[in-house]
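Visitor: I have a model open on my screen and I'd like to learn how to read it. Could you walk me through a few features?

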Amino acid sequence: MTPQIHLHVLASGSKGNAAVVEGPAGSVLIDDGIARRTLLARASELGVNMDDVRAVLLTHEHTDHVSGLPVFANHFDGPLFATAGTISARERLSQLPFEVINHTDALELCGMHVTVFPTSHDVADPVGFRFATTDENGELADALGYCTDTGVLTDEAGQALTGCRVLALESNHDERMLATGPYPGYLKQRIHGRQGHLSNAQAADALQDLVTNETEVIVGMHLSHENNRPSVAVRTLAAAVGAEATNETFTEARTPDGHLTVCVSAQDAPLSVW
Ligand SMILES: [Zn+2]
Ligand SMILES: [Zn+2]
């Protein structure tokens, strides 16, 4: 594939999420669960111009994905997209001028074909997204998959995420760390459940199907601060695709032929994938 779609993760994790997907004709903001000042600081750290953002897409209504949106929307003229379930789940969201999307919709945004797919999470109507571009012959040119906050991968998610050049996939927790960690039982069960969060092992398992020769970058997303570590997530994902550590701290890995890189996003440090 030809890199035409770029991912800038401004924040990822249970304390706040925001990512910019940069396409050939502008950028899309996915979720905004961080303060405006942090959003702008992180973007500028990566050299991302937030004036290029043409649209906002929401995955779901949890606070860590929407808390910054009301303020962001005050300074923003473009369309905001979310499912009806997401919009009506929070009063502060229902007051914003959303355009309703369905969890099987296809949209055209910023020179990209956007496919919406359902995820499995304990909220009204959660979704993930695939972004793709085509060349002048209509052939697939580039594709990026984005899927966080899901207890299992739905069939639709599996289809949409297969063969993307860049795959941003939740790798929330290490199952043993969660089981033996400090969380109360009900919370452990929620996270572990079918409407919770994908574990490192679940994500690694999914890679067997999702990764093709087209896949060049896997980004582990929404890592738990308490029940995961970047090195543990990278090690687990890397093992599934035959990648080896590129540094001593095991926060990045690459296949021996150099084709496929595995890395993770962070709560407090932004990350760009070109
Ligand atoms: Zn979340
Ligand atoms: Zn959530």
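Predicted model: local features only at pLDDT ≥ 70, side-chain atom pairs only at ≥ 80, totals over all residues.

Visitor: Let's start with the metal. Which residues coordinate the zinc ion (ligand 1)?

Guide: Look for the donor atoms around the ion. Here they come from Asp64 (OD), His65 (NE2), Asp149 (OD) and His222 (NE2), at 2.1 to 2.3 Å. Along the sequence, these donor residues follow the spacing D-H-x83-D-x72-H.

Visitor: And what is the arrangement of the four donor atoms?

Guide: Check the angles they subtend at the ion. They run from 92 to 165°, which makes the arrangement around the zinc ion (ligand 1) irregular. For four donors to count as tetrahedral, all angles would have to lie between 85 and 135 degrees.

Visitor: Which residue bridges the zinc ion (ligand 1) and the zinc ion (ligand 2)?

Guide: That's Asp149, and the two ions lie 3.4 Å apart. Asp149 sits in the loop between β10 (140–147) and α6 (155–161), while His222 sits in the loop between β12 (217–221) and α10 (230–241), so the pair ties together parts that are 73 residues apart in sequence. Both Asp149 and His222 are buried.

Visitor: On to the rings. How do I describe an aromatic pair?

Guide: You give two values: the distance of the centres and the angle of the planes. The count for this structure is two aromatic pairs. In one of them, Phe72 and Phe76 have ring centres 5.2 Å apart and planes at 35°, so the pair is tilted. Phe129 and Phe131 also form a tilted pair, with 6.2 Å centre to centre and 45° between the planes.

Visitor: Which residue lies over the face of Phe250?

Guide: Arg235 does, at 4.3 Å from the ring centre.

Visitor: Last topic, the cysteines. How many disulfides does a search of the whole structure find?

Guide: A disulfide is a covalent bond between the sulfur atoms of two cysteines. The search turns up zero here. Take Cys164: the nearest cysteine sulfur belongs to Cys147 and is 11 Å away, whereas a disulfide needs the sulfur atoms within 2.5 Å. Cys164 is buried, with a relative accessible area of 0%.

Visitor: What about Cys263?

Guide: Cys263 is in no disulfide either, and its nearest cysteine sulfur, that of Cys164, is 15 Å away. Cys263 is buried, at 9% relative accessible area.

How values were computed
Residues numbered from 1 in each chain as written. Chains lettered and ligands numbered in written order. Heavy atoms only, no water. Phe/Tyr/Trp six-rings, centres within 6.5 Å; stacked < 30°, edge-to-face > 60°. Lys NZ or Arg CZ within 6 Å of the ring centre and 35° of its normal. Donors = N, O, S within 2.8 Å, 3.2 Å for Na, K, Ca; no water. Tetrahedral: all angles 85-135°; square planar, octahedral: opposite > 155°, others 65-115°. Helix = DSSP H or I, 4+ residues; strand = E, 2+ residues; numbered from the N terminus. Buried < 20%, exposed > 50% of the residue type's maximum accessible area, 1.4 Å probe, protein only.
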